Amino acid sequence: MRSGLFRSGRCYRLAWLALSAWLLVSPASAAPRIASLDWTLAETLIALDAPPVALAQVDDYESWVGLEAPPGATDIGLRTQPNLELLSELDPDAIVISPMFANLAPRLSSIAEVKQLAMYSGEGTFWSQSLGLTRQLGELVDRENAAEALIEETEAYIADIADRLPEDTRPLLLLQFMDERHVRLFGEHSLYQAVIERMGLTNAWQGTTNAWGFSLIGIEQLANYPEARIVVVEPYIAGVREALADSGLWRHLGSVQRDDVVTLPPVWSFGALPSARRFATLLGDALSSTTPDTSASDTSASGTSDSDTHTLDTSAPGTSAPDNHAPGTSALDTSEQATTPDQVQGNTDARR
C-alpha cells in the first residue's frame with residue numbers, strides 16, 4: 001500500500017517538475033497590440049515592456065519627450081489627425097487616448113476598442129495620478145507586476161539621486177520658452193514640481209498654475225526671484241536662443257548674471273513616471289556638476305541637440321490659442337492660462 005502511494009506521489013512530483021520546466025521555458029503571453037495617440041501613455045507602455053505597435057508623431061515624440069520610440073512602432077501621423085486607414089491596416093487590439101483626443105473616439109472605435117486614460121485632471125497630486133495611470137496600463141496589457149516594479153524602482157531611483165545632491169542648492173525656477181519674451185513656469189500639479197519635491201528641492205515659484213501645472217508669464221516677472229536658479233527645459237522654439245542673447249530682460253536676471261542657469265535636454269513636461277525618472281536624472285546630474293548652462297545627459301535616453309529647435313504648426317485642429325494668436329509669437333499673453341499642451345507644443349511638423 002505504502003509502496004503504491006510512494007510510486008503515485010513520485011509520479012505526481014515528476015509530472016509537476018515537468019510542467020514547471022515547461023512553464024519556465026515557454027514564452028510569456030504576448031501583450032495586447034496597442035496603438036497610442038498620446039505620448040504619456042506611450043512612454044509608460046514602453047516602460048512596462050509592452051511598447052505600442054503604432055504611435056502618433058514618432059519624430060516629435062523623440063524630440064519633445066526625449067526618449068527613443070520603439071523600433072517597430074508605425075507612425076500613424078498627427079495625434080489630432082491620425083491616418084485611420086493605416087491604423088485600420090495595423091489592426092490593433094486597442095487604441096489608447098487621453099481626454100484631449102476624446103473627439104476622435106467615435107471614429108477610432110470602428111477600428112478597435114478605445115481606452116481613454118487621464119492624467120493632469122486637476123484632481124489629486126501628480127504622483128497619485130501617475131501611479132494610478134501606471135497600474136491602469138499594467139492591467140490593460142497584462143503587466144501588473146511590471147507596473148508595481150516600475151513604481152517601486154522609480155521612487156527608489158529618485159530617492160537615491162536626492163541623497164547625492166549638494167546641500168546648498170538654491171530654490172529653482174523651472175521653465176520652458178514659448179517665445180523670447182514668454183515662458184511656461186512650472187509649479188503645483190506639474191511633473192517637475194513633483195520630482196523636485198521628492199528630491200528635497202524648493203521651487204521658487206509659488207504662484208497659481210493650471211491643471212497642467214504651469215503658468216504662462218512674461219520673462220520680466222522672473223526678475224522677482226533674483227536668488228533663484230533658472231532651469232530651462234529644451235527644446236527652444238526656433239529663434240528664441242538667438243533672441244535671448246540680445247535680450248536685456250534676460251541678461252539682467254540674477255541667475256543669468258551669476259552664470260548658473262541650467263539647460264536640460266527635452267523632458268516631456270506632461271509625462272508620467274518615465275519622464276519623471278528622466279527629469280530627476282538630468283536635473284540631478286546638472287546640479288551636481290560645477291559647469292553651469294550645460295545640457296546634462298541621460299545614457300538611457302536619446303537627447304536633442306541645441307540646434308534641434310522647432311516651429312509650431314497651428315493649422316491642425318485644436319492648436320489655435322484662445323485669443324486666436326498663433327502660439328509662439330509676441331502676441332502671447334497671460335490670458336492663455338488654459339492653453340493645453342497640444343495647443344503650444346507637440347504638433348511640431350515644421351522644423352528647422
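Buried means under 20% relative accessible area, with exposed over 50% and partly exposed in between (1.4 Å probe, protein chains only). This is a predicted model, in which local features need pLDDT of at least 70, side-chain atom pairs count only at pLDDT 80 or more, and totals for chains, interfaces and linings use all residues. Residues are numbered from 1 along each chain as its sequence is written, and side-chain values use heavy atoms, leaving out hydrogens and water.

**View 1. The protein chain as a whole.** The secondary structure comes to 13 helices and 10 strands. Helices (H or I, at least four residues) and strands (E, at least two) are DSSP runs, numbered from the N terminus. Of the 352 residues, 50% count as buried. Among contacts between residues at least 6 apart in sequence, 67% join residues at least 24 apart. Contact means heavy atoms within 4.5 Å.

**View 2. Helix H6 and its buried residues.** Buried in H6 are Phe 126, Trp 127, Gln 129, Ser 130, Leu 131, Leu 133, Thr 134, Leu 137 and Gly 138. The buried residues of H6 pack against helix H2 (39–47), H7, helix H8 (191–198) and helix H12 (273–288). At 1.5 Å a residue, the 15 residues of H6 should span 21 Å, and its end C-alpha atoms are 21 Å apart, which agrees. The expected span is 1.5 Å times one less than the number of residues. Just after H6, Asp 142 takes a positive phi of about 60°.

**View 3. H6 against H7.** The axes of H6 (residues 126–140) and H7 (residues 144–163) come within 7 Å and cross at roughly 150°. Axes are lines fitted to C-alpha atoms, for helices over the stretch in contact, and angles run from 0 to 180 degrees between N-to-C directions. H6 and H7 are therefore roughly antiparallel to each other; that term applies to angles over 145 degrees, and roughly parallel to those under 35. On the H6 side, the contact includes Trp 127, Leu 131 and Arg 135; on the H7 side, it includes Ala 147, Leu 150 and Ile 158. The contact residues divide into six nonpolar, three polar and five charged. Ala, Val, Leu, Ile, Met, Phe, Trp, Tyr, Cys and Pro count as nonpolar, Asp, Glu, Lys and Arg as charged, and the others, Gly among them, as polar.

**View 4. H7 against H12.** H7 and H12 pack at an angle of about 15°, with their axes 10 Å apart. That makes H7 roughly parallel to H12. Residues of H7 including Leu 150, Tyr 157 and Ile 161 meet residues of H12, among them Leu 273, Ala 276 and Gly 284. This contact divides into eight nonpolar, three polar and two charged residues.

Methods: Angles under 35 degrees count as roughly parallel, over 145 as roughly antiparallel, 65 to 115 as roughly perpendicular and the rest as oblique.
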